[in-house]
Amino acid sequence: MNESRSMIWLNADWRFQRGDSARAWYKGHDDWDWRRVTLPHDWAVEEDFSQEHSSGSGYLPGGIGWYRKHAALPAGLQGRRAYLTFEGVYNHSQVWVNSHYLGKRPYGYSTFTYEVTGLLEYGGPDNIIAVKVDHAETADSRWYTGSGIYRDVYLTFTHDIHVAQYGIFASAVTAERDRAELQVETRVMNETETSAELSIRHTLLDAGGYAAGSAAALLPVAAGAAEDNVQTIEVKEPKRWSPETPYLYMLLTEVLQDGETVDLVRTPVGIRSFSFDPAEGFFLNGEAMKIKGVCIHHDAGGLGAAVPGDVWTRRLRYLKDMGCNAIRMSHNPPAPNLLDLCDQLGFLVMDEAFDEWEGVKNKWSVGHNVYPPKHFGYYEDFPQWGITDLQEMVRRDRNHPSIILWSIGNEVDYPNDPYCHPSFQTMTGNNDANKPAEERIYDPNKPNAERLAVIARKLAQAVKACDTTRPVTAALAYPELSNLIGYADALDVAGYNYKEHLYEQDQAAYPDRVIYGSENSPGLREWLAVRDNNAVCAQFIWTGIDYLGEAHGWPVRAAQAGFLDLAGFPKPSYYYRQSLWSETPMAYLAVRRADEPGMADTGGRYGGVPSWNWEPGERLIVSGFTNLAAAELRLNGKLLGTGRPADSAELFLSWEVDYEPGTLTLEGKDGQGRAVKRELRTAAAPERLSLTADTLELRANLRDVAHIELEITDAAGNGIYEAELPVTVTVEGAGELLGLENGNAQDLQPYRSHTRSTYHGKLLAYIRTGAAPGTIKVTAATPGLPAAEAVIRTITP
């Protein structure tokens, strides 16, 4: 905090009421008996699963909810300009401050800010912020959205002369090894009644806090006006940002009047250059790179849409270890802290705005692709709010070095959903040939798909009004149509969803167009289409992590296409992908019955389990994944076979083995002396509940989270993959149990419960710190086994 600009986080101690309340907007409304909650908060994930609700949203409810915040403000802030920011409210929010109505925001993924100067009280009674959230229809999305104020809320206070919101944009004009030029655009507001002679000073600090470059200029600003200033900072021998070395500088921007600092803004900056080439692919800092991406949705299983940063950190590190270097934010603007983590951990990002425009998509409410669909969604608000929401995303996010693509939409060109075209009479081969035939029939009464090109051009223009340093893209479901109608021509680079078979012919037909995979299946064929083709630089696999909603039908309440499950535990498919993408030596074993489908049969999604508990003499298929040149398989020390993954059609090894108890070992080797082993041991009866915490120290800030992994093991500590036992978790002291998740998409136990069964032998507990230093005692108990405990210390931030 500095004297010129300060921020107050408002996440603590909100009052919440489920259902409508006619006068909850009124400052004097009695909310004493309302429930106390800490933001971020998602009320839907706390409630019961029911077939009454939409399968698309995971069989969880929506409805109406009210939030009220009592906030006392210090007298020292009197006279400052004040701004109230919500990073995300799903959806149709309305906001009041001290009974003054500020406005509404329909889109549940947009960050929005209201100026509240003159509406707040200081040094005396509480200010009352009231928020109504109206998510009446949950069949408004194809995936789980959550309900409530599910991201951070804060107040910002500034001088009357200040940098505008999103008023700093730093971008590297050049980023060579020996020299870089950082261009900084600044918009300054003068909200006084007199003109001001100002100085704008930028200082770029390296990670050690030392100045790496600076620039300054004079800027006169008339009364009640805003002025733009552009300066260039020269940086010698810059440390360039990349997925391998995600180096961040800190840009300090000062606005000075008569030698005094009236505003100071800090902006993390990464220096890098990148380009896309139609024939040669993607280049980062002058070097060719394959983009190994995954798509993710915004929930975290049992936490719903209210996902703390520490939870994302754990998940992103797993993806990083898999060899992933890129994230597609599908299909909406993400939480700002998620983008911060991509900057810090080193992920390239496709930032995506929309899943639908003017035309409403089918929303599956009784099972995925089960007719009839419902038709609610953002399309109702897009004509009025689309440009605003898009530009809000771009301006908010444009300083993130991780972002390399702005996506204006996902699969808005899907046939007859709802757009149609006369060419459907002759075209074949849309996104999914298994879809009903009516999706490929021409209906002249439906909206003409040629409208998509008109909208796309407007959206691309809106993006470029905010940022010309990154290309505009979209994820095309039906490029056969989008190429015909001019939609693809409105894009700088064209993303193809599940269309690997079109790469070669479309590269020939459109030699000046960059084509890449914006959404792809995880099979080997799809990866080889990128790996072995210089012109195709990327794939984004659906999906990185399992997510709530888009459920195939009761009792399945989540989509299970991820490399990580709902708890963020890696699946066997994770390790197969790791063997293809990662350069860190690895080995993994997956076992299945001989009559069950394997990884090659399921397109890289499923195939085997990490267990060596089977029936005596049972015929099994053992799959070995390794990124080393060769591997050997042993059972109880006996060599069963050797092989080279490169000699296999699917780039992994398989052996037929008759089961016998003991230890199964895969050892990968190469000619450079590197070796790595993976073992599976036959587990005995359950004897222990193992508890492992990823940290035993948290900051007392209502934000930090510890992950407690619970596993059922035998006396020797061997995990029992088949164990499904109820575990009750209690938390005492300076923290709380935020949620439990086991990864089982068919577990209908309400997430608000403190008891949940293990799945595949495991359960994850999320423990959130409180506001005061102290200790948190976590106890996990399951019938018939000794309880497990952990003590976590919370310290002053």
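The lining of the second largest pocket draws at least two residues from each of H8, S33 and strand S39 (675–681); helices (H or I, at least four residues) and strands (E, at least two) are DSSP runs, numbered from the N terminus. The model is a predicted one, in which local features need pLDDT of at least 70 and side-chain atom pairs count only at pLDDT 80 or more, while totals for chains, interfaces and linings use all residues. Residues are numbered from 1 along each chain as its sequence is written, and side-chain values use heavy atoms, with hydrogens and water left out.

This pocket has a volume of about 1,100 Å³. On a 1 Å grid over the protein atoms alone, a pocket is an open set of points where a 1.4 Å probe fits, with protein on both sides within 12 Å along at least five of seven lines, and lining residues have an atom within 4 Å of a point. Grid points are joined across faces, edges and corners, and the volume is the space filled by probe spheres set on the points. Of the 43 lining residues, Pro572, Tyr588, Pro610, Tyr721 and His760 lie nearest the centre of the second largest pocket. By class, its lining divides into 19 nonpolar, 12 polar and 12 charged residues (Ala, Val, Leu, Ile, Met, Phe, Trp, Tyr, Cys and Pro are nonpolar, Asp, Glu, Lys and Arg charged, and the others, Gly among them, polar).

S33 also belongs to an open, antiparallel sheet of three strands, ordered S33-S34-S37, where strands pair if DSSP finds at least two bridges between them. Its edge strands, each pairing on one side only, are S33 (587–593) and S37 (653–658). The twist from one strand to the next averages 25°. Six bridges join S34 (residues 619–626) to S37 in the antiparallel sense, and isoleucine 621 has glutamate 656 of S37 as its bridge partner. Helix H8 (residues 572–581) packs on this sheet, touching S33 and S34, and its direction makes about 45° with that of S34. Axes here are lines fitted to C-alpha atoms, for helices over the stretch in contact, and angles run from 0 to 180 degrees between N-to-C directions.

Glutamine 539, in strand S30 (residues 538–541), counts as buried because its relative accessibility is 0% (buried means under 20% relative accessible area, with a 1.4 Å probe and protein chains only). Beyond neighbours within four places in sequence, its contacts include Trp527, Arg577 and Trp581, a contact being heavy atoms within 4.5 Å.

Conventions:
Buried < 20%, exposed > 50% of the residue type's maximum accessible area, 1.4 Å probe, protein only.
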